[in-house]
Amino acid sequence: MAVLDHLKNVVEGEIKTDEKTRKKFSLDASLFQVPPQAVIFPKHSADVQALVKFVAHNKRDHPELSLTARSAGTDMSGGPLNESLIVSFTEHMNKLLGFEGDAAWVQPGMFYRHFEKETLKKGLLLPSYPVSRSIAAIGGLVNNNSGGEMSLRYGKTARYVEELKMVLSDGNEYTFKKLSQDELNQKRRQENFEGELYRNMYDLLEEHYDAIQAARPNVSKNSAGYALWDVWDREHFDLTQLFVGAQGTLGLMTEAKLRLVRPKEHRAMAVLFLRNWTQIPDIVNALLPLEPEGLETFDDNTLKLALRFFPEIAARVKGQNIFTLGLQFLPEALIGLRMLGLPKLVVLVQFAEDSEDAAEEKLRQTKKALNPFGVQKRFLRSEQEAEKYWVIRRESFALLRKHVNGKRTAPFVDDFVVRPEKLPIVLPEVLKILNEYDIHATLAGHAGSGNFHIIPLMDLKKKEEVAKIRPVMDKIYEVVIREGGSTTGEHNDGLVRTPYLEKMYGREITNLFAGVKNIFDPQGIFNPRKKVGGDLDYAIEHINHT
């Protein structure tokens with residue numbers, strides 16, 4: 001693309017078009033591969049602004065030009081993949097810029113593990129980190145509206161975003177935060193790009209207010225579509241809530257101000273070992289009133305994987321080696337003998353309280369709440385002992401990607417969410433569909449939120465295996481949507497789920513999504529085929545078969 005030759009005069013950061021770089025950035029943690037034309041590594045906001053202005057200026061003559069933001073590349077939906085230009089933030093725009101009280105300003109390319117190290121020095125934490133906390137970056141957390149093991153108590157990332165700096169389609173950087181009605185009216189009176197944006201968004205949201213509010217999914221968490229219902233409540237107007245979870249389709253984030261929490265210091269955990277899935281809804285509903293910090297699950301396939309690669313699990317548990325960790329599992333071995341085999345499901349019920357007595361009281365209440373169910377259980381008061389379960393829960397996907405010979409992880413129905421009381425209906429139907437197509441999968445998730453991650457294992461070099469993807473998605477999402485659920489609680493739409501947004505929301509709401517995209521990005525500069533304009537044929541054509 002000859003026009004790219006001019007880029008070197010536009011930005012200070014590096015521009016790479018070599019095959020090795022293009023191959024690396026053609027992949028994320030999804031099942032797709034989309035080679036870009038070039039990868040740009042901006043050094044600062046001025047570079048980002050220059051890039052947007054460059055694409056806007058050349059878009060008419062080169063309609064294929066577009067920009068897709070990328071942080072750590074851990075996305076499981078194909079969100080940071082694009083045939084045109086990738087804007088990678090982790091190389092330079094990766095700094096913690098400072099604290100304001102219990103909030104922090106941070107750039108999108110900072111890895112969460114580095115961010116957390118700094119915030120914990122002040123006794124603060126961003127609690128919406130995903131399971132991939134060790135490899136994810138802040139840009140992905142914000143743009144996917146991530147959540148994880150603590151989101152049952154603390155909610156998702158959107159709750160913690162106070163301000164955002166965004167470069168929009170005119171190539172200028174703007175700061176967004178929650179506005180009062182008076183502040184909104186001041187913005188709407190501006191005779192410039194920003195004023196027009198606020199006027200158009202206000203008109204869209206106000207004109208369709210009732211339909212938008214009615215479209216809010218009735219689930220604990222949702223990353224499908226644009227969160228229009230969270231922008232305008234007729235008292236406050238907050239466009240940060242639109243950008244969060246938008247996967248960079250409306251602009252490029254350069255900084256975020258994130259509110260942090262002071263985590264409770266004293267933890268205790270109940271570990272439940274279940275013979276089947278049928279008790280999960282009743283157990284969840286019995287435990288939710290106790291306000292656990294997390295209520296997580298993983299299945300027997302995940303447990304078998306951990307046992308098979310036990311040395312790698314041991315290496316990831318702080319302060320342990322394979323021998324000392326093996327000794328720690330002796331109580332679980334005795335439970336296995338009593339159960340005559342591995343449990344079908346392991347449930348982690350974590351409590352975090354202000355004192356040891358309060359944490360201990362939660363365990364007493366848990367024991368009482370579980371009495372009617374007759375489940376095998378352990379109570380852990382040591383965070384070090386509990387850590388082994390968190391490592392199994394967090395590392396299972398990475399182990400699958402590395403070690404399953406002849407097959408690979410194929411996350412395409414990996415993140416549905418329903419209300420917990422719907423699980424007895426939905427889970428058996430989902431597992432039946434997978435069995436019907438002879439698809440083996442691991443299953444883990446956030447039981448307290450009704451949010452499950454199903455990771456099929458498939459040989460995508462075989463056409464007959466690839467041919468299963470569309471009908472399985474159609475059938476599973478039909479069940480999820482019929483029962484009032486969402487196709488994605490955390491992982492977002494990307495290439496894989498954008499085509500299902502109309503099935504989930506209906507045409508009126510998806511037309512509003514398209515209207516929002518047109519207000520912010522009329523030239524189609526930012527991250528095509530995500531949120532708006534999704535094409536399942538295109539997605540399937542770009543499955544990585546290697």
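Biologist: What makes H17 and H19 roughly antiparallel or roughly parallel to each other?

Modeller: This is a predicted model, in which local features need pLDDT of at least 70 and side-chain atom pairs count only at pLDDT 80 or more, while totals for chains, interfaces and linings use all residues. Residues are numbered from 1 along each chain as its sequence is written, and side-chain values use heavy atoms, with hydrogens and water left out. Helix H17 (residues 423–436) and helix H19 (residues 469–482) pack at an angle of about 170°, their axes lying 10 Å apart. Angles under 35 degrees count as roughly parallel, over 145 as roughly antiparallel, 65 to 115 as roughly perpendicular and the rest as oblique; H17 and H19 are therefore roughly antiparallel.

Biologist: Why is strand E18 called mostly covered?

Modeller: Buried means under 20% relative accessible area, with a 1.4 Å probe and protein chains only, and 6 of the 7 residues of E18 (residues 440–446) are buried.

Biologist: How do you know that E18 pairs with strand E19, and in which sense?

Modeller: Two strands pair if DSSP finds at least two bridges between them; E18 and E19 (residues 451–458) have 7 and pair in the antiparallel sense, with leucine 443 standing opposite isoleucine 454 in E19. E18 and E19 form a hairpin with 4 residues between them, and glycine 450 in the turn has a positive phi of about 70°. Strand E13 (residues 294–299) is also antiparallel to E18, joined by 3 bridges, and threonine 297 has glycine 445 in E18 as its bridge partner.

Biologist: What makes E1 and E3 the edge strands of their sheet?

Modeller: The open sheet has 4 strands in the order E1-E2-E4-E3, with mixed pairing; strand E1 (14–16) and strand E3 (67–70) each pair on one side only. The twist averages 25° from one strand to the next. E1 pairs with strand E2 (residues 38–41) in the antiparallel sense over 3 bridges.

Definitions and conventions: Helix = DSSP H or I, 4+ residues; strand = E, 2+ residues; numbered from the N terminus. Axes fitted to C-alpha atoms, helices over the stretch in contact; angles between N-to-C directions. Buried < 20%, exposed > 50% of the residue type's maximum accessible area, 1.4 Å probe, protein only.
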